[in-house]
Amino acid sequence: GDDMQAFLELDDTVFSRWMQQSGFIFSAGGHFQIKTSVGGVRRELTTRLRGHPNELPAFVNGFKDVLNNQECTLACLLPTAHESMPTVLNNESLVKILIDVNQISSDIVESIFELLHEVMADETDDADGTQGTVQSVSRMLLSQFRWVGSTVVTTTVPERLLELLPAFSSS
């Protein structure tokens, strides 16, 4: 918990700075919070990405670094809460919020599929009883694409899921 918060708040990457400036609160305790509406976070990120298109790769790489921290990965997949009502969760995780930002949608989708491949590879390698946790993470990753209106998701995700089918059938 505290390690994750320190990792995200002290991390001076384009990703963490822009997320915080857009109204995102990287809080320990599992669920991230937002200071404004989900739409407000998306609008602010869209504005920043339009104004600084050369920073887009750095933003996406920062997101990938966050996903490489296992504790942060889970927090990125959980629903967010509004700062004024931290116990009331909405249906939007950090990942879902980012998928709906057009400038980065395809990069975020690609990052999720890369992580899904890693998780599924770990699932086939693990014989130490962590398979239930890994399957849960796999499900959480896949659930990020439900009810998302991004054009990238509706065109790219079905194709990528078909690529994964052989891996699902072997487990």
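Analyst: Here is a short tour, feature by feature. This is a predicted model, where local features need pLDDT of at least 70, side-chain atom pairs count only at pLDDT 80 or more, and totals for chains, interfaces and linings use all residues. Residues are numbered from 1 along each chain as its sequence is written, and side-chain values use heavy atoms, with hydrogens and water left out.

User: Let's start with helices. At what angle do the axes of α2 and α3 cross?

Analyst: Two packed helices are described by the angle between their axes and the distance between the axes. Helices are DSSP runs of H or I with at least four residues, numbered from the N terminus. Axes are lines fitted to C-alpha atoms over the stretch in contact, with angles from 0 to 180 degrees between N-to-C directions. Here, α2 (residues 14–21) and α3 (residues 38–51) have axes that come within 9 Å and cross at roughly 135 degrees. The pair is therefore oblique, the class left over once under 35 degrees is roughly parallel, over 145 roughly antiparallel and 65 to 115 roughly perpendicular.

User: Which residues make the contact?

Analyst: Contact means heavy atoms within 4.5 Å. From α2 come Trp18, Met19 and Gln21, and from α3 come Glu44, Leu45, Arg48 and Leu49.

User: Which residues of α2 are buried?

Analyst: Buried means under 20% relative accessible area, with a 1.4 Å probe and protein chains only. In α2, Val14, Phe15, Ser16, Trp18 and Met19 are buried. Just after α2, glycine 23 has a positive phi of about 105 degrees.

User: Where is isoleucine 104 found, and what does it touch?

Analyst: Isoleucine 104 lies in the loop between α6 (94–99) and α7 (105–125). Its relative accessibility is 0%, so isoleucine 104 counts as buried. Leaving aside residues up to four places away in sequence, isoleucine 104 touches Leu49, Leu56, Phe59, Val60 and Leu98. Take leucine 56: it is 48 residues from isoleucine 104 in sequence, yet their C-alpha atoms are 7.5 Å apart.

User: How many disulfides are there?

Analyst: A disulfide is a pair of cysteine sulfur atoms within 2.5 Å. By this rule there are 0 disulfides. For cysteine 72, the nearest cysteine sulfur belongs to cysteine 76, 6.3 Å away.

User: Are cysteine 72 and cysteine 76 buried or exposed?

Analyst: Cysteine 72 is buried, at a relative accessible area of 0%. Cysteine 76 is buried too, with a relative accessible area of 0%.

Key. Helices (H or I, at least four residues) and strands (E, at least two) are DSSP runs, numbered from the N terminus. Buried means under 20% relative accessible area, exposed over 50%, partly exposed in between (1.4 Å probe, protein chains only).
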